[in-house]
Amino acid sequence: GSFPLFVVGMLAFGAGQAAALQGRFVAADLALPDTRSRAIGSVVWVGTLGAAFGPLLTPWERRLADAAGLEPLVGPFLFASMLFAVSGAVVAVRLRPDPLVAAGLTDPSASRVRPVRQVRAAAAVVGSLPMAQLGLASMVVSQTAMVAVMTMTPPYMKDHHHSDLSAYVIALHIVGMYGFAPFVGRLVERLGRPMAIMLGSVVLGAGTTITVVLGYSAPAVFVGLFLLGVGWSFGLVAGSTLLTESVPVATRVEVQGAGDLLMSVFGGAAAFSSGFVKASFGYSTLAYAGTLLAGVLLVYSMASRSAAVRSAAR
């Protein structure tokens with residue numbers, strides 16, 4: 001009887017995560033073009049404290065649940081639910097007026113459209129715009145490679161009797177994901193979106209390679225997972241910015257939502273399949289697959305940038 005409740009709970013947490021991830025686009029609604037990357041990076045950075053300290057607080061939350069007579073694993077879910085509720089209340093009360101409305105990007109006369117049609121319409125828009133395609137590819141590839149490797153790192157460390165260090169590795173990884181986001185946003189503005197995506201793919205690939213290239217090494221895992229987080233940050237901030245500014249204003253919200261949907265689907269598939277890959281082929285194969293994805297993104301971003309330069313010259 002508890003499994004259906006668990007499924008419902010996971011769906012609720014997934015919806016909350018999706019809403020939180022969309023927050024970075026809220027910052028872009030009122031940002032000027034030359035500060036859009038910085039605005040997105042600043043919102044991503046806000047999640048640093050909770051994301052970094054969350055894994056470290058898990059043992060305490062489990063102990064508190066046990067002391068209250070509950071199953072220990074209920075503790076982290078209970079605290080997360082409380083924090084989700086507080087966050088939702090703050091947004092509902094304090095985020096007034098809605099930035100999208102203040103920016104004049106809504107159409108009060110528009111009729112509701114089914115979600116499937118919205119996704120199809122967004123796909124048609126992105127399919128006709130090469131730079132939007134690059135932005136979407138950056139988000140999806142960065143998420144897929146990061147989730148696949150990150151998910152299996154704690155079991156990998158447990159296999160080598162370092163499970164006590166895995167929480168700290170994940171905490172450092174999450175610091176890399178979120179902690180430098182404002183600086184990443186500034187670099188995106190300075191280098192340009194495609195060049196920043198290229199840099200992010202290099203950092204992402206370096207992180208996945210360092211994790212396993214020397215065999216098992218706890219310090220290498222720390223460094224590799226940190227770089228993996230930084231590479232993801234570049235891919236997310238630069239990709240989100242490029243996707244947002246490459247599409248017409250009238251379709252921006254639908255494209256942003258569809259982009260996050262695709263990113264989440266690929267991330268979920270990576271998390272689901274990573275265990276099978278590790279069990280069948282080993283963690284090294286999983287890490288090098290992430291390196292290969294980063295390489296594909298690097299080549300694609302270089303080709304897209306060259307094509308854009310040639311088109312501008314013509």
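**A close look at Arg24**

Author: In this predicted model, the side chains of Arg24 and Asp260 are joined by a polar contact of 2.7 Å. A further polar contact links the side chain of Arg24 to that of Ser240, at 2.8 Å. Arg24 itself lies in helix H1, which covers residues 2–29.

The next point is whether this residue is covered by the chain. The relative accessible area of Arg24 is 2%, and because the limit for a buried residue is under 20%, Arg24 counts as buried.

When the neighbours within four places in sequence are set aside, Arg24 is in contact with Ile40, Val43, Val44, Met139, Leu236, Ser240, Asp260 and Met263.

The setting of Arg24 may now be widened to the whole chain. The secondary structure comprises 13 helices and zero strands. Of the contacts with a separation of 6 or more, 83% are between residues 24 or more positions apart. Buried residues make up 37% of the 314 residues, and Arg24 is one of the buried residues.

The overall dimensions can be described in two ways. The C-alpha trace spans about 60 × 45 × 35 Å along its principal axes. The radius of gyration is 20 Å, which agrees with the value near 20 Å for a compact globule of 314 residues.

Most residues other than glycine have a negative phi, and most peptide bonds are trans. The peptide bond from Arg96 to Pro97, however, is cis, with omega near -10°. Pro97 is placed in the loop between helix H4 (74–94) and helix H5 (99–102). The second detail concerns His161, which is not a glycine and yet has a positive phi, near 65°. His161 belongs to the loop between helix H7 (130–159) and helix H8 (163–178). Its relative accessible area is 70%, and because exposed means over 50%, His161 counts as exposed. Arg24, by contrast, is buried, whereas His161 is exposed.

Key: Residues are numbered from 1 along each chain as its sequence is written. This is a predicted model: local features need pLDDT of at least 70, side-chain atom pairs count only at pLDDT 80 or more; totals for chains, interfaces and linings use all residues. Side-chain values use heavy atoms; hydrogens and water are left out. Helices (H or I, at least four residues) and strands (E, at least two) are DSSP runs, numbered from the N terminus. Buried means under 20% relative accessible area, exposed over 50%, partly exposed in between (1.4 Å probe, protein chains only). A polar contact is a pair of N or O atoms within 3.5 Å; within protein, one must be able to donate a hydrogen and the other to accept it, and residues adjacent in sequence count only if both atoms are side-chain atoms. Contact means heavy atoms within 4.5 Å. The radius of gyration is taken over C-alpha atoms; the globule rule is 2.2 Å times the number of residues to the power 0.38.
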